[in-house]
Structures are given as C-alpha cells and as structure tokens.
Amino acid sequence: MVRRTLLLLPTLLVPLLLMFTLLQLTPGDPAAMMLGDFAPPEQLERLREQLGLNDSMGVQLVNWVGDLARLDLGTSIFAQEPVWDVIKSQAGVTIHLTSLSLAITVFVGVGAGVVSALYRGSPLDQGVMLGSMFGVSLPQFWFGLNLIAIFSVGLRWFPVGGYVPLGDGFWLSNRSLALPAITLGLVQAGFLARITRSSILDVMGEPYVTAARAKGIPEYIVVWKHVLRPALIPVITVIGIALALLLSGAVAVEVVFTLPGLGRSMVSAVARRDFPLIQGIVLVVAVTNVLVNLLVDLLYAVIDPRVRYQ
Amino acid sequence: MEIADTRSDDPVLEVDGLTVRLRTSRGDVEALRSVSLHVDQGETVGLVGESGCGKSLTALSIAGLLPPMSEVSGEIRLCGRNLTNLDRRARRQIGGREIGMVFQDPVASLNPVLSVGGQLAEVARHHLGSSRREAKALATEMLDKVGIPPSRNILKDYPHQLSGGMGQRVSIAAALICQPKLLIGDEPTTALDVTIQAQILELLRSAASDSGASLLLITHDLGVIARICDRVVVMYAGEIVESGPTSKILSAPRHPYTAALLKSVPDPEVETDELETISGSVPELHEMPEGCRFAARCEYADAACAVDPPLEVISRGASLRCWHPVGGMNSAGGTGGLSGRRS
Amino acid sequence: MNEVAESLLKVRGLTKVFSSGLFSQKRKVYAVRGVDMDITAGATFGLVGESGSGKTTVGRLIARLIDATSGTIEFDGYDFGAMEGSNLRLARRDMQVIFQDPLRSLNPRMTVRQLIEEPFRLHGFENEAERTKLVLAAVEEVGLSESALSRFPHEFSGGQRQRIAIARALALKPKLIVADEPTSSLDVSVQAQVLNLMKRLQKQHGVAYLFISHDLNVVRFMSDQIGVMYLGELVEVGSADAVFTQPKHPYTRSLLEAVPTIHDSPGRGELSLLKGEPPTPTELIQGCPFSSRCPDVLEVCRTVAPPVVQFEYQLARCHLYGGESGVVLETHPIGGLDVEA
C-alpha cells in the first residue's frame, strides 16, 4: 500500500518531463504569438525575458517544479491569469462530460458484454461484437460530426454545440452534453464490451461453475452469483484504463462540439504556445489518471478475496 | 420435487441404454453408446477406464450437466424415477438434493470469490429452505462429519486458503449436506497426495454410507477401485465392456481389454522386468470402427468381431460385451443371448 | 550402502532454501535439507515423496537447473556442483533431463527433427549428414518412424511426445537421465509402453536414471535403489526390495499402506491411515520433520534430530531403533542450515 503510493511520484514525473521536453522542442514563440509577427524585436526580446523564456531548459524546469511545490501553476501567457483559475473555470465542463461518458461506457459496455456472453453465438452476440469493433476503430471526431449532422441539424433533437451549465437547468445541461457524451462513451463502450464478454466466457468454463450447477442451483443464480461476480472483477480494473482513454478523447470531442472544457482549452493553448497553461492542464490530467488507477487498485483488493488474503 | 421413498431393494440408479451424441468441430460423434449400469442401495460402484473412454461423460449425464449441444437418448432412473424426460428446471433441481457430486480439483471446484461457508450454506438454503442460521449450523455439522472440526473455523475462509485435502472434504460436505441418494465422485482423489488420497477415499466411503447415499466412483486407477468399490464397470471407447464384482473382475477378468489393462499396471506383488502393453491406440471418436471397438488391438479378435457384440447380462450386476472372452465361453455363466456367431 | 560399485553420482549435504519477499516480509522455504544420496552407473534410483517433500527440487538441483544453497554434487568423478560456464556445458552432455509434461518441454515451433538435432548441434556435430543419421537412429530407437521427423509435437499423442523427449535426452548418450514424473500424465497402458522403453534403453546404453515420482507402484517397478523424502529430508534410502518389503521408517510404512493396489479390497477394515496434512516447509524444524504425524512418535523425536541408522540394505533417519536392529551412524548434521541464506 505504502509502496504503491510512493510509486505515484515517479509515475507522474515521467509524463511531465516528457511533455516539458516536447514543448521546449516545438517551434513557435509565445511572445510572437502575443504581440504579433510584426512586433519590433526589442519588444519581443523584453517580453521573452519577462516570461522567462530565455532561461535554459533546466532552469525553466527547476523554476516550474519549484512553483509547483508552492502549489503555484504559473500564469497563463495568453489569458494573463493564474493557470489554476483558468483550469478551475473549465474543469467543470470536462468533469461533467467525462462522468456522463463514463456512465454510458460502463452501462452500455458492460451491459452489452454480459448479454453478448450469455447469448453467445446468437445474432445478438454477433451484432454486439460487430458494433464494438466499429466503436474501437472509428475516429471520434468523425463519429461526433455525423451525430451532429443527424441529430442536431437533421432531427433538431439536440443543440449543435455549446454547454449549458448545470445551474441553468439539469435536463437542459445534460441535453447539451448528450451527443458529446454519446460520442465519447459509445466508442469506449465497445472496448469494454469485448473485455466483459471474454471475462464472462472464461469464467463460464471454470470447474466451479459446473460444480455450482451440480449443486442444483438454478441457472439464473449460477449466472448472477457464480459467474458475474468473479467475471466482473477484472472488468473493474479496465474501467480505470477506460477513464484515461475518455480523458484523452475529450479533447477531440470538446472541439467538435465547442464545449468550453479543458480539452478545447488545451488545443488552443498548444496553438498559442501557452506553456504554463499546457503544463498545468497536463499535470491535472495526469494526476487525475494516477489517482483513479490507485483507487481502482484499492477497490480490487477489497472485492477480490484472493488479493485480500495472501 | 421429492422422489418418493422406494422399497429398499430397488436400485438407486439405473442407466439404461444411454447414448450421447456430441457436436464437435468434426461433425456429430457418438461419445457414449448404449451405456447401461446400475447402483444398488448402499453399494459403491466404480467406473473405470482410460482417458476418452466416456466415464466422465457418463457421470455428467447422470448429474444432468451435459452441455446444451448434446443429444441424449436412453433412460436414467433415480430410485425408479425417469430423469431423462424431466424439463430443464426439474432436472437441475435433482442435483444437490438427490445427487451429490464431487469433482477432481477441489480448490478449482469452489468459487474463489465466495466464502467456504457461503458455498456450503447455499445448497441447504436452496434445497431445504433453511434460514441463514440453520444453514450455518448444518454446514458446521457436515464439516465436522467430514473431519473438519468447528474449531478450525473455516466457514469464513476462502477456497484458495485451503489445502487440497481440506478442499475435497469441503466438497464432500457440500455434496452430502442434503442427504442425497447418490454421491458421484469424478476422479476425486487423482489430484491429491498419496496419504491424503487414502484419507479421502475412506471418507467418501464412510460419509456416503453414514448419509445413506450410494457411491458411484469414476477413476482411472484400478487400485482405487480395488480399495473401496464393491462392483466395477469397465469402459472403453464410449461403451461398457465389462462389469461385475470387484474381486472377480480383478482376479479373473473376462474382457481382453480388462485383462490387458490389469497386466499393464505395475503390480507390487509381481517381479517382472517388463509390463504387458496393449498395441495400437484408442480409436478417435469420429473414426469409430463398425463392430467391436477393441478388435483392432485384441489378440483374440477374428471375423466375428466385425459385428459389435451386445452387452450381455451374465447375472445381476455382471455383464460382458465380447465374442471371445478370456478363459473361453463356458465360464461366462450362461451363453443365453449370444446368437453363437463365431466362424 | 553399496560401497562396492563406484557411484556415478554422489550427493552430500544438498540443501536448498528459497527466500522471497523484502525486509519484514522475508519468507524462507526449506525445500531440501541435507540430502545424501548415491546413484550407481546403469541403475535406477527412484525418489519418492508427496508434495512439499522436495523431490522435484532435488532433481533440479542435481541437474543444475537451480543452484544449491549448500552441499556437493559429484558426478562421474568431478565436482559437478561447482562447475561453471563452458565446463558445465560440456559436462551436461552426460546428464540430461526428462520432464512430466512433454507438451511444455518440447518447443511447439520446432519439428521433431529439429528438437532431436539440437543437442547434436550444440555439442559440436558439424556434419549435417552425420547428424541426420544420428537423429534418425534416435527416433527409430524409441519406436517412432522416419515420418515423425517432419511433424510438430502437437500432432502426437502424449505417449509419443514422451518418446520424443526420451529420444532427445538419449541423443548424446548421457550417463544419467533425471526423469521428473515422466509418466504421470499418461494413461496406464501408454505408461506401460514408456516404462518398458526406458528399461530397454537402460539395458542397451547403460544409462542411469534418477526417477522422481509420486507413484510408488511405478517407482517400485523401475528402481534398483529408492529414496523416500519427507519435508525436504531423505528419511529412508536403500535397495528397492528392502525398502518396499521391510520399510524401516514410519513414514515409508504409512506411505506404502496408503497406496491403493489391485490387491486391496473394501473389506480390509480400518487401515491405520495417516492423519493430518504435511506441513509446509517454511520453518526450520527441530527434531524429526515427521514427528507431527508419526504414529510411533516419541518425545525425543520432537526436539532432537534423528540419527541415521544403518541396516543391511538400507538407511533410515529415525529414533525408533535404539541400537538394537541396526548400527547407528554418527548423527548426521543437516548441512548448511546455520548459514543465513
């Protein structure tokens, strides 16, 4: 347990260092972004000095980490506001979107996987497997654009884009996120459905399931108690991975549906070379990922007695 | 559904002409052909054969655990009542209540994420309608009967914490908790250490008899048969080839396969430098010959064996499927039924 | 013990302790404790025991598949246990291994020809034509035909796969083959064929076998000498006849009584069955490891390690023979256990 928490730090450091290096290596000058390409060189130079861009990479890194230690994520170059404030204002949207998507992924994915496994070989099973294959192969933005075309423009059931905050109405808010959540969630659901299905099929072939049937236990109890419980345990760990995929998928989806979340913010920050903001968002996402996975690990230990009592 | 009490001289189990066809990747195969056997009250019957002979499949058929893609014909009667024409739900109910089953790998036949106590109790709660407390008491009592005293407190343990011997005791307890009429053991000691195996064999016999259950023991080990079985049924390539009292079959086998099998087992009382072997190998299920299935490997085979001999009942509890039994025809105790086909 | 024939394999004080875990979670398993044994050239030494006895570990230690914690292995006159590198590789020509599951010990991607050719290739047989001849001879000797050479292991039955493994092991005409449960996964009739084959090949080539098995009837059939292991210790060792007909150690007796044979019968009444389960070898045991289950246990057995008692044809590690039936040798210390592993 302790060891696992300690391993968090190096796990976080790697993506951050990687990102930092990549940013430094990308062409593009934030100062020029802000002042325009035709600004006088001395002005550019002064801005660069101000922003600390002339320091060596090492120094910049140390400065950033030092600020981090004081929980200061720096100031967004473009917005001229603390990065933390910027993130705070946008995180809500992304959290709302990701939660909704996760719900869809889990319910649709696991549900389809269970049905598929129990009716193995049937047209239903084949349909689900085909669907999930599409899901894993389709680019999300393409899928999202198509959904907009059909349901927003064509049928007018959903807004084309934009986000309605929760405060303005529960249903209205979720309606604005319906299509984006479906886009994100359904794609991942395919992945989860396959894993659920194969886990259940594995368990079905286990001797203890035959033994349970031999005890005279009716089939529906055998499935519920003896098959689903052991089979869903590994699926739960996969949900942690699904979350990571959802977070990264949110970028494309937020752009397509013009949602003011962290994903879209990230895209524009990169375009503007707004280093502090980029670093801040990556840090937040990385930490979230790591924490979720840690939680999932702990959950595993709680529900699987084989792990609990070693 | 209760099975009415029967007169004590009715057999507990009667299998009559059981034929099972399975769908495999190579087409439909007849995995069991016309299997007929019976187990009387209080008897321990052994079902023996090498891998692929169909002994496990026979056990699964009796317990109603065949996979859905199988075609079953023939009758299986438990205390006089036909099981084969029951609907699926009623058939499933028989398990645990009238028939208890113990499998080969004890720890693998217990659900790893449920507690031992829970898995014992669920049988009682489902079949006997016991309350949680009643079931727990019954479980504790049953565990005690199989040699795990309450002081061990294993109700809360999980299967992976049990040793092989303990696991098998738990399985036996679960199988007998509702006092079934028949206990089936499918290679129950094969995966256990020698000294533990001896304990469990003895336990199977005594626990079954204490519970009033008859025992059908499936194994490949002739020594195990000798040790606890009153009668033995020998199977080869999906058919029964011979059956009879254990002592008789082991000392004077009639079927050439049984005789050859006995000679290929290292016998502690025989000093020899070489074991007898059976030439050839078991025919594949989808390439089963017409006629006697053992003929290709039999030293007594002749033209008559192109026709599969019927299973002839010699006396109650003894049968033989052979045109040329070891030791000649006369000692078979009756040639009735054989149409004297011999060229 | 037979001091007359010079031993092919001499093992003294063989000990293996497995450690795992870090810091406070360090766990030790005393898998093998102070084993002494001798194997005569051309003979079969059967090693029996239940799970946790250490017999498989002994096989691996002798074959140098794992390294011992302490003890010596002398093979064909040289210090096999201490050899390294190319010396060890050369020496391995004379000692080969056969495992229980031929499906797993034969590379499924290699044809039979490649599998049997490999030892020749590794040990300097450069000429391909010569190799082909040798491979063909090896395959025919185990009863398979030339057509087998181009096929893969999964195309054969269990018994045939084991023959392939035997052919491969015999390729370089080794002096000793360590066979770890070679027939345990085979049907009875197939087992008979493989055992007959092994015996015949032994007569023809003079190869010695270390035959490890839990099946006492098989071991009895195959072995000239027998060693019985319990919880890492060799509790009885001697000629197979003597040990099986006149077992001296209580564990050997219980083991023999527990094995079902075709001469048993249900009406034999209550056998004196061994109660309880063997403990796992995770503690350094004072006294005799069998003391917790021994039907004839004495007080001294629990605290003092039993001496090795010498009888006419066997040795047993037991307190029960206070000088009457046999000569008590120097109490043999279980080697190497004071050393922190």
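The C-alpha trace of chain A spans about 85 × 55 × 35 Å along its principal axes. Of the 310 residues in chain A, 35% are buried.

The next topic is the way in which the chains meet. Two pairs of chains touch, and the pair with the most contacts is that of chains B and C. Chains A and C, by contrast, do not touch, and their nearest C-alpha atoms are 12 Å apart.

The contact between chains A and B takes 19 residues from chain A and 25 residues from chain B. On the side of chain A that touches chain B, at least two residues each come from helix 10 (207-214), helix 11 (219-256) and helix 14 (305-308) of chain A. Helix 10 of chain A gives the most to this side, namely seven residues. By class, the side of chain A that touches chain B holds 10 nonpolar, three polar and six charged residues.

In the contact between chains C and B, 31 residues of chain C meet 39 residues of chain B. Helix 7 (188-205), helix 8 (216-222) and helix 10 (250-258) of chain C each provide at least two residues of the side of chain C that touches chain B. The largest share of that side, seven residues, belongs to helix 7 of chain C. Its residues divide into 14 nonpolar, 11 polar and six charged.

Nonpolar packing can be followed through the largest nonpolar core, which has 258 residues; those touching the most other members are Leu120(B), Ala173(B), Ile177(B), Leu182(B), Leu176(C) and Leu210(C). Helix 11 of chain A gives the most to this core, with 15 residues; helix 11 of chain A also supplies at least two residues to the side of chain A that touches chain B. Around Leu210(C), leaving aside residues up to four places away in sequence, the residues touched are Ile39(C), Phe45(C), Leu47(C), Gly59(C), Ile62(C), Leu176(C), Val178(C) and Ala179(C).

Chain C also contains an open sheet of four strands in the order 2-1-4-5, with antiparallel pairing. Strand 2 (27-40) and strand 5 (78-79) of chain C are its edge strands, each pairing on one side only. Strand 1 (residues 7-20) and strand 2 of chain C pair over 10 bridges in the antiparallel sense. Val17(C) stands opposite Tyr30(C), which is in strand 2 of chain C. Across strand 1, strand 2 and strand 4 (70-75) of chain C lies helix 1 (residues 55-62) of chain C, running at about 115 degrees to strand 1 of chain C.

Confidence remains to be considered, here for chain B. Its mean pLDDT is 87, and 93% of the residues score at least 70. Strand 8 (residues 214-219) of chain B has the highest confidence, at 96, and helix 2 (residues 88-94) of chain B the lowest, at a mean of 87. Over residues 1-7 of chain B the pLDDT is below 50, and this stretch has eight contacts in the model beyond near neighbours in sequence. Residues 330-343 of chain B likewise stay under 50, with 18 contacts beyond four places in sequence. Where pLDDT is low, predicted coordinates should not be read in detail.

Terms used
Residues are numbered from 1 along each chain as its sequence is written. Chains are lettered from A and ligands numbered from 1 in the order in which they are written. This is a predicted model: local features need pLDDT of at least 70, side-chain atom pairs count only at pLDDT 80 or more; totals for chains, interfaces and linings use all residues. A residue is buried if 20 or more other C-beta atoms lie within 10 Å of its own, exposed if 12 or fewer, and partly exposed in between; C-beta atoms are placed from the backbone. Two residues are in contact if their C-beta atoms, placed from the backbone, lie within 7 Å. Ala, Val, Leu, Ile, Met, Phe, Trp, Tyr, Cys and Pro count as nonpolar, Asp, Glu, Lys and Arg as charged, and the others, Gly among them, as polar. pLDDT is the predictor's confidence in each residue, from 0 to 100. A nonpolar core is a set of buried Ala, Val, Leu, Ile, Met, Phe, Trp, Tyr and Cys residues joined through C-beta atoms within 7 Å. Two strands pair if DSSP finds at least two bridges between them. Axes are lines fitted to C-alpha atoms, for helices over the stretch in contact, and angles run from 0 to 180 degrees between N-to-C directions.
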